[in-house]
Amino acid sequence: MWFKNLRVYRLTKEFDLSAEKLNELLEPQAFVPCGSQDAARYGWVPPLGRHGSELVHATNGYLMVCAKKQEKVIPAGVVNEKVEERAQAISEKEHRQVGRKEKQNLKDEVLLEMRPKAFARSRLHYAYIAPRDGWVVVDASSASAAEELLEHLREALSSLAVIPLSAKNLPQQAMTHWLTAPEAPVNFEFGHECELRDPKDSGSVIRCKNQDLCAEEIHNHLVAGMQVHKLGLVWNGGVEFVVDHQLSLKRVKFSDELVEKADSADSENAAQRFDADFSVMTLEISALLTDLVAAFGGAGEGASVEEIVARANRTEQDQLAAEVEEVEL
């Protein structure tokens, strides 16, 4: 249950729903497994899994929800092979070429036949609402996955006023300043990972892992004009992560001491153990995010979710294009 990625959204209106009311609103969208012809299904499940029945788990004012996405797995190569076989049979029998539109119809027929026998792959996506902090935190590595969960939450609640977390200072400029100094912000220390990009050439990328980020070699790249787009940080010696220019946190690792702190709680069953983990994790994340926002100059106005998703998609495309020029230090 310990989150590995943090996509943070700021509530722009007070969230005053109780756990009981939120559970009631989510029930109509409870998860239902894929039917024979369903390509995918999305719905809410108990965060406690088989140990619980409620769709909302509340601890210390934090509200945990969990979405389940199930997709039918049909290898594209298998589908294309069957389509080509049928197209070839038609071509030989009727002495004509099979056009693109007809091949698409053949593909639809193949999918209809294969879906009932296809394996179903399921994934769980966790998030929690922090009304007092004014945040919604989603455990998702991509903006699109986080937005999918938020979209279903909006649909269940009729409205959910959130914007992605942003800062007054441009993240890449702030991180570049820290690493050039080099001096980490208050309560933070540098980790061992960063990504540098040339603002004048999106294809020029340097990724460093397991490196001393204060080394002269990295400093020289910064002096030459490259900017930090991802930076490994350690907060208060207890949480290690990589923050990027969108203020999303990835590869979050909680220290053994924090995990042991939760384990040391007097827990007699799975629900109490979940409570202990959830309580420790949310309190740490709350303090971490407060310090992180302050390090970047405070919270900004924020962009729309759609702009963040589009920006994330462009970033992924840039990264793919840049692989040929990537330099590993």
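Is Trp-178 buried or exposed in this model? Trp-178 is buried, with a relative accessible area of 7%, where buried means under 20% relative accessible area, exposed means over 50% and partly exposed lies in between, computed with a 1.4 Å probe on protein chains only.

This is a predicted model, in which local features need pLDDT of at least 70 and side-chain atom pairs count only at pLDDT 80 or more, while totals for chains, interfaces and linings use all residues. Residues are numbered from 1 along each chain as its sequence is written, and side-chain values use heavy atoms, with hydrogens and water left out.

**The chain as a whole**

The protein chain has 9 helices and 13 strands, which are DSSP runs numbered from the N terminus (helices are H or I with at least four residues, strands are E with at least two). Its C-alpha atoms fill a box of roughly 75 × 55 × 35 Å, taken along the principal axes, and buried residues make up 47% of the 329 residues. Among contacts between residues at least 6 apart in sequence, 71% join residues at least 24 apart, a contact being heavy atoms within 4.5 Å.

**Nonpolar cores**

A nonpolar core is a set of buried Ala, Val, Leu, Ile, Met, Phe, Trp, Tyr and Cys residues joined through side-chain atoms within 4.5 Å. The largest one has 55 residues, and Trp-178 is among those with the most contacts inside it, as are Tyr-128, Leu-179, Leu-231, Phe-241, Val-243 and Met-281. Helix α8 (residues 270-295) gives the largest share of this core, 10 residues. A second, separate core of 27 residues includes Leu-11, Val-136, Ala-140 and Leu-149.

Leu-231 touches a set of residues that includes Met-175, Trp-178, Leu-179, Phe-190, Phe-241 and Val-243, when residues up to four places away in sequence are not counted.

**Aromatic pairs**

The structure holds 7 aromatic pairs. Rings of Phe, Tyr and Trp (its six-membered ring) pair if their centres lie within 6.5 Å, and planes under 30 degrees apart count as stacked, over 60 as edge-to-face and the rest as tilted. Two of the tilted pairs are set out below.

| Pair | Centre to centre | Angle between planes |
|---|---|---|
| Trp-2 and Phe-254 | 5.0 Å | 55° |
| Trp-178 and Phe-296 | 4.9 Å | 45° |

Trp-2 lies in the segment before β1 (7-11) and Phe-254 in strand β12 (residues 249-254), so that the pair links parts of the chain 252 residues apart. Trp-2 counts as buried at 18% relative accessibility, and Phe-254 is buried as well, with a relative accessible area of 13%. Trp-178 lies in helix α5 (residues 171-180) and Phe-296 in the loop between α8 and α9 (305-322), so this pair ties together parts that are 118 residues apart in sequence. Phe-296 counts as buried at 1% relative accessibility.

Ring pairs also link Phe-3, Tyr-62, Tyr-128, Phe-274 and Phe-278 into a cluster.

**Helix α4**

Helix α4 (residues 143-157) has 15 residues and reaches 21 Å from its first C-alpha to its last, close to the 21 Å expected at 1.5 Å a residue, where the expected span is 1.5 Å times one less than the number of residues. This helix is mostly covered, with 11 of its 15 residues buried, among them Leu-149, His-152 and Arg-154. Just after α4, Ser-158 takes a positive phi of about 75°.
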